[in-house]
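Here's a quick tour of one model, going from a helix pair out to a few individual residues. Have the viewer open as you read.

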Amino acid sequence: MAKKHCIVIGSGILGASVAWYLTQTGADVTIFESEQAGGRATRDSWAWINASWGNPEPYFRLRQRSMYEWQNLSARVPGVRLDRCGGLIWDLPPDQLEAFAQEHGSWGYELERVDSARALQIEPGIKQPPAFALYMPQEGKVEPLEAALALLADAQKSGARLHVNTPVTSLLHSGGCVTGVRTRDAVLVADEVVIAAGIGSVALLQGLGLHYDTTAPPGLLVHTKPTRPLLKTLLMTPELHVRQTSEGRLVAGADFVGNMDGTPPDAQAADLLNKIKARVAGSEDLEMDYYTVGLRPTPGDGFPMVGRPKNTKGLYLVLSHSGITLAPALGLFTTQELIEGMRDPLLGNYHPDRLQQPAA
Ligand SMILES: Cc1cc2nc3c(=O)[nH]c(=O)nc-3n(C[C@H](O)[C@H](O)[C@H](O)COP(=O)(O)OP(=O)(O)OC[C@H]3O[C@@H](n4cnc5c(N)ncnc54)[C@H](O)[C@@H]3O)c2cc1C
């Protein structure tokens, strides 16, 4: 059978994952990236890999599968370093934390109820240990830009071509099919075009007259200067989430849903730094190095959008929040659908068209 030529638009964690899985099937892959390699939201991400919190069971199952696929990727792709450091969570009131433990525990999510003594045993680096928390030993992190670049490098070793600083300006289409892409200088035809362009996906779809309910809530993260090892786990506390990167920086955010509440970012960042110092032992003299404000590409209902928009031949969309957690599963399932025509049941209800909107 002739090799399929697939174009992937976007080289963030989702595009990188799709491109990598496609190359593993022998597909001929071309990646276009409008800026530098590695993504926009991806480089500004906190990168907690988890199936925690108030998720409906089908979404929990998809996330859990992706956690498993991260292990596969880290075993197979040089430079993808999954750190299953565990998550320690007490950012909900105790009754809600217990309800979450009961529900996710009954679904088979590995978790331990801990008191303050046990919390300190797991994470000696916390000040004011909680009276009640949950410890999820399977949760972890990657350094997101490093992981995306590692996937892209390995895809290139398998023959993928990556064009950076090359925005796709429009999609070629005729007779209801997408047949390729246009850049400033060239036209390239392909069997399949995968849009994994984060918030840039919206404009590409609009060029085809397709409108979807998506948002891009901002999220601020403070990065301290690198320091000695202070934290082993990811901490989700009522006032912040914080972890330590592989190069020793503490990285903290305050809000997972992207409420910036109008306070100037400088003031929010300074406040977060104080919260880090109040929570992490040994961080009292730490200085902020920089902060980022990233935009999270987010489908209107919060769940992934994966599939052929309006059943258009030659076109596929992968747009998701929690894209770090979900990248391996969405890359794998996209590839299976494009190459084998098989849609994984875990993609169940996540077809993009549920969020289609009339033209404005
Ligand atoms: C503050 C913050 C915290 C987060 N925390 C977590 C977390 O803890 N866990 C988790 O799982 N997720 C988290 N996320 C979400 C996660 O980072 C994103 O879901 C994920 O990075 C999205 O990846 P992506 O590849 O779709 O997008 P991006 O990384 O934005 O990549 C899209 C790429 O497409 C390119 N592009 C756009 N338009 C075009 C075009 N026309 N032609 C060519 N290229 C184009 C862009 O330049 C960009 O490089 C967080 C995000 C933020 C901002």
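## Helix 1 against helix 8

Helix 1 (residues 13-24) and helix 8 (residues 323-340) bring their axes within 8 Å of each other, crossing at roughly 35°. Axes here are lines fitted to C-alpha atoms, for helices over the stretch in contact, with angles running from 0 to 180 degrees between N-to-C directions; helices (H or I, at least four residues) and strands (E, at least two) are DSSP runs numbered from the N terminus. The crossing of helix 1 and helix 8 is right-handed, that is, the near helix is turned clockwise from the far one by less than a right angle.

Who meets whom? On the helix 1 side the contacts include Leu14, Val18 and Tyr21, and on the helix 8 side they include Ile324, Ala327 and Leu330; contact means C-beta atoms, placed from the backbone, within 7 Å. Sorted by class, that contact has eleven nonpolar, five polar and no charged residues (Ala, Val, Leu, Ile, Met, Phe, Trp, Tyr, Cys and Pro are nonpolar; Asp, Glu, Lys and Arg are charged; the others, Gly among them, are polar).

## A word on the model

This is a predicted model: local features need pLDDT of at least 70 and side-chain atom pairs count only at pLDDT 80 or more, while totals for chains, interfaces and linings use all residues. Residues are numbered from 1 along each chain as its sequence is written.

Beyond four places in sequence, Val318 touches residues including Leu14, Val18, Leu330 and Thr334.

Gln128 has a positive phi of about 50° without being a glycine, and lies in the loop between helix 4 (116-122) and strand 6 (133-136). Gln128 counts as exposed because it has 9 C-beta neighbours inside 10 Å (12 or fewer is exposed, 20 or more buried, in between partly exposed; C-beta atoms are placed from the backbone). Asn311, also not a glycine, has phi near 60°.

Thr292 is in strand 19 (residues 288-295). With 17 C-beta neighbours inside 10 Å, Thr292 is partly exposed.

Technical notes. Two residues are in contact if their C-beta atoms, placed from the backbone, lie within 7 Å.
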